[in-house]
Amino acid sequence: MNVTALGAGIAALACIGAGIGIGIATAHAVDAIARQPEADSKIMRNLLLGCALAEATAIYGFVLGILIIFFLK
């Protein structure tokens, strides 16, 4: 088995985790806005901050996977 492909696959798990995290955060934010519409701006600001951090994790995993593929041959 190619160790490079295994490493790249493991690095890609960060992208899966970020997608699941963003989905859960969005679902809870929509639920919170439905319960308390007057707090819309505060909830949205925190949601966008959390999604940006989760997306950064996905980008780090993607870049790590690309680096493993191209530099560890």
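Let's start with Cys-15: its sulfur sits 15 Å from the closest cysteine sulfur, the one in Cys-51, and that is too far for a bond. A disulfide is a covalent bond between the sulfur atoms of two cysteines. To count as one here, the sulfurs would have to lie within 2.5 Å, and a search of the whole structure turns up 0 disulfides. Keep in mind that this is a predicted model.

Cys-15 has 31% relative accessibility, so it counts as partly exposed. Cys-51, at 16%, falls under the 20% cut-off and therefore counts as buried.

Together with Ile-22, Ala-29, Ala-39, Ile-43, Leu-47 and Ala-54, it makes up the largest nonpolar core, 7 residues in all. Two elements each supply two or more of these residues: helix H1 (3-35) and helix H2 (40-71). The biggest share comes from H2, with 4 residues.

Now step back to the two helices. How do H1 and H2 pack? Their axes are 8 Å apart and meet at an angle of about 170°, which means H1 runs roughly antiparallel to H2. Sorted by class, the residues in the contact of H1 with H2 are 20 nonpolar, 6 polar and 2 charged.

Notes
Residues numbered from 1 in each chain as written. Predicted model: local features only at pLDDT ≥ 70, side-chain atom pairs only at ≥ 80, totals over all residues. Heavy atoms only, no water. Core = buried A, V, L, I, M, F, W, Y, C linked by side-chain atoms within 4.5 Å. Buried < 20%, exposed > 50% of the residue type's maximum accessible area, 1.4 Å probe, protein only. Axes fitted to C-alpha atoms, helices over the stretch in contact; angles between N-to-C directions. Parallel < 35°, antiparallel > 145°, perpendicular 65-115°, else oblique. Nonpolar A, V, L, I, M, F, W, Y, C, P; charged D, E, K, R; others polar.
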